[in-house]
Each structure stands twice: as C-alpha cells, then as structure tokens.
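Here is a short report on one predicted model. It covers a strand pair and a set of aromatic contacts.

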Amino acid sequence: MRILSGIQPSGVLHIGNYFGMMQPAIALQAQGEAFYFIADYHALTSLRDPKALRENSRRVALDFLACGLDPERAALFRQSDVPQVTELAWILSTVAPMGLLERAHSYKDKIARGIASSAGLFNYPVLMAADILIYDSDAVPVGKDQKQHIEITRDLAVKMNETFGQIFKLPEPRIHTATEVVPGIDGQKMSKSYGNNIDIFGAEKETRKRVMSIVTDSTPVEAPKDLARSTIFELYSLFATKNEIAEMRERFQKGGTGYGDFKKELFEKLWLYFAPMRKRREEILADKSYIDNVLSRGAKRANEVADVVMKRVRAAVGL
Ligand code: ADP
Ligand code: TRP
C-alpha cells in the first residue's frame with residue numbers, strides 16, 4: 001500500500017494538525033510505503049514572503065520528524081523538489097470541469113477569510129490531485145476538511161482513465177474519525193488562520209496561557225457542567241487515557257470543580273504528552289545537516305516514483 005499526505009508550510013503546526021493529519025500519517029508509516037511532503041507550491045497561494053516560506057518549510061520538516069515521522073520508513077520531501085507535479089497539474093487541468101472546481105468549499109472558505117483570489121488558488125485542488133496521483137497513492141490521511149479534495153482527485157483520475165485509458169489508481173481518504181475536527185480555544189475548528197490555535201511546540205508560558213483562555217460557559221463551580229459542548233473536555237480526551245477521561249467526565253457531571261482547575265489538568269496532560277517530542281526536536285536541531293539530509297533523500301525517492309508515473313502519463317496523452 002502506498003500512503004501519501006502533504007501539509008502546507010503556511011504557519012506553525014498546531015494540535016489540530018497533529019491529531020487530524022500528522023498522528024494518523026505517522027501511525028500509517030509502518031503499514032506501507034509512505035510519502036509525506038511539505039506543500040510549498042500550495043503555500044504560495046497565501047504566503048508571499050520567500051524567507052518565511054523557506055523557514056516554515058524547514059520548521060514543518062523539523063516538527064513532523066520530532067513528532068515521530070521516521071525517515072527510514074517514510075520519504076519526507078518538499079513538494080517543489082518534484083517539479084514534475086506541476087506538469088501533471090497542467091495536464092489534469094485540461095480535463096478538469098470548471099463546475100467541479102467552482103463547487104470546492106475550500107476555495108470559497110479561503111476567499112471568505114480574505115485570501116486574495118487567484119487562478120492558483122482556484123486550481124489548488126488540481127495541484128493537490130497531481131500530488132496524489134503522481135505517486136500512485138492508495139491511501140491519503142488528512143483531516144475532514146480535505147475530504148472534498150480527495151473526491152475531486154478521484155473524479156479527475158476517472159476522467160483521465162476514461163479519456164486516455166487506464167493511467168491512475170483511485171486513492172482513498174483516511175479520515176481519523178475520533179478526531180474529525182479538533183476545536184480551538186474559542187470552540188471553532190482549530191486553525192492558524194482563526195488565531196484560536198494551540199501550537200504543538202509553543203513555549204510553556206504561551207501554551208499555558210492559551211489553554212487557560214479556552215472559552216467556557218458561566219456555570220458556577222458547584223454546578224454540574226455540560227460535557228457535550230466543552231472544548232476543555234474534548235481536548236482532554238485527545239491526551240488522556242480511558243480511565244482519566246471517565247474520571248473527568250464524572251467530575252464534570254458531579255459539579256464542585258471549576259473550569260480553571262479542569263484547564264490546569266488539560267495543560268499538564270498536553271505538556272506531558274509532547275515532552276518526548278520536544279526532546280527529540282532538540283536532538284534534531286543539534287544535528288545541523290539532519291533535516292537537509294532527510295529532505296534530499298526523500299526528494300530522490302519521490303522523484304524516482306514520479307518519473308515512472310509521468311512517463312506513463314506522457315505516453316498516454318501523446319506528449
Ligand atoms: P489550518 O486550518 O490551521 O490552516 P491546514 O489547512 O494547513 O490547517 O491543515 C493541515 C492538515 O491538518 C489537514 O490535513 C487538515 O485537515 C488538518 N487539520 C487542520 N486543522 C484541523 C483541526 N482543527 N482538526 C482536525 N484536523 C485539522
Ligand atoms: N491541501 C492540504 C491542506 O491544506 C495540503 C495538501 C496539498 C495535501 N497536497 C496534498 C494533503 C496531497 C494530502 C495530499 O492541508
């Protein structure tokens with residue numbers, strides 16, 4: 001089985017990215033041949049600062065490795081180190097119906113959030129389809145918000161296969177159902193663009209501050225608290241064991257504990273959870289050439305596969 005996923009280096013990684021995409025991707029690396037990349041071409045649709053793009057890309061690589069991506073099992077590389085993917089995106093765009101792209105939620109959401117509209121942003125799903133199809137991917141671990149992009153990828157693969165003969169495999173999304181949407185400190189979907197994020201490798205003081213500012217209702221300390229819409233409880237459930245979760249549930253329902261105390265417990269759990277990863281991150285940082293070596297080995301492996309698939313595509317379409 002070939003597993004593929006990508007993440008944009010458009011900012012600092014947060015725990016929504018971790019539980020939605022990184023942890024599932026890391027868990028899958030043992031089950032097949034994995035390709036994970038830093039989607040820097042995609043990030044150009046929102047980031048126009050070359051220094052920041054370069055730095056973020058390295059930082060995403062660092063954070064992903066610190067969280068457990070094993071470069072012996074998974075190829076980690078920059079999207080732009082496999083430029084053939086833009087050629088495939090062009091070819092796919094020639095069969096992509098406008099209506100299909102016009103229906104993409106992510107384009108509409110991004111425009112609504114103030115990202116400048118551009119042909120690149122509109123074509124984003126076509127490039128994403130190329131990312132997936134160029135590695136003959138079987139499984140794509142992503143958060144729920146990316147599901148439609150995988151559906152578009154499948155539609156484009158079918159269209160190409162119908163037009164030019166069997167070229168592409170149809171990939172399947174792998175959506176982590178337990179953590180479909182990780183809430184941010186305001187209770188909305190955690191996202192760097194909403195400013196409600198808790199970062200994986202944030203400084204201790206800042207992380208504590210963010211956890212302590214999780215929005216709650218105004219239930220008094222003594223009263224039982226509503227579990228169903230509690231961001232604190234939802235986040236705690238991501239880090240705690242079954243018994244610990246059951247225990248917190250009981251204390252929510254019983255009353256007598258204030259939200260402040262629950263938040264402190266959440267912070268402690270979260271901080272402890274990422275402790276081994278913070279340590280690993282320091283080790284990686286101490287080895288100056290480690291990240292570059294990993295990325296160049298990853299790029300080499302990715303290019304080998306992409307070259308084979310592109311040869312097949314060019315022959316099929318007549319180039
Ligand atoms: P952001 O919304 O912060 O810009 P991205 O869109 O770059 O995050 O998402 C990168 C990956 O992380 C995607 O696979 C996405 O589905 C996943 N992801 C992002 N935020 C969340 C969240 N709050 N819950 C679950 N998964 C998420
Ligand atoms: N669009 C994804 C996101 O914003 C990133 C991405 C680009 C991706 N290409 C991909 C994810 C291919 C999976 C497969 O998170």
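## Strand pairing and aromatic contacts

Serine 5 has tyrosine 36, in β2, as its bridge partner. Strands β1 (residues 2-7) and β2 (residues 33-38) run parallel, joined by six bridges. Strands (E, at least two residues) and helices (H or I, at least four) are DSSP runs, numbered from the N terminus. Two strands pair if DSSP finds at least two bridges between them.

Five of the six residues of β1 are buried, so the strand is largely enclosed by the rest of the structure. Buried means under 20% relative accessible area, exposed over 50%, and partly exposed in between (1.4 Å probe, protein chains only).

The model is predicted: local features need pLDDT of at least 70, side-chain atom pairs count only at pLDDT 80 or more, and totals for chains, interfaces and linings use all residues. Residues are numbered from 1 along each chain as its sequence is written, chains are lettered from A and ligands numbered from 1 in the order in which they are written, and side-chain values use heavy atoms, without hydrogens and water.

The whole structure holds 18 aromatic pairs. Rings of Phe, Tyr and Trp (its six-membered ring) pair if their centres lie within 6.5 Å; planes under 30 degrees apart are stacked, over 60 edge-to-face, the rest tilted.

| Pair | Centre to centre | Angle between planes | Class |
|---|---|---|---|
| Tyrosine 18, tyrosine 273 | 5.9 Å | 80 degrees | edge-to-face |
| Tyrosine 273, phenylalanine 274 | 5.0 Å | 80 degrees | edge-to-face |

Tyrosine 18 lies in helix α1 and tyrosine 273 in helix α12, so their pair ties together parts 255 residues apart in sequence. Tyrosine 18 is buried at 3%. Phenylalanine 274 is buried at 0%.
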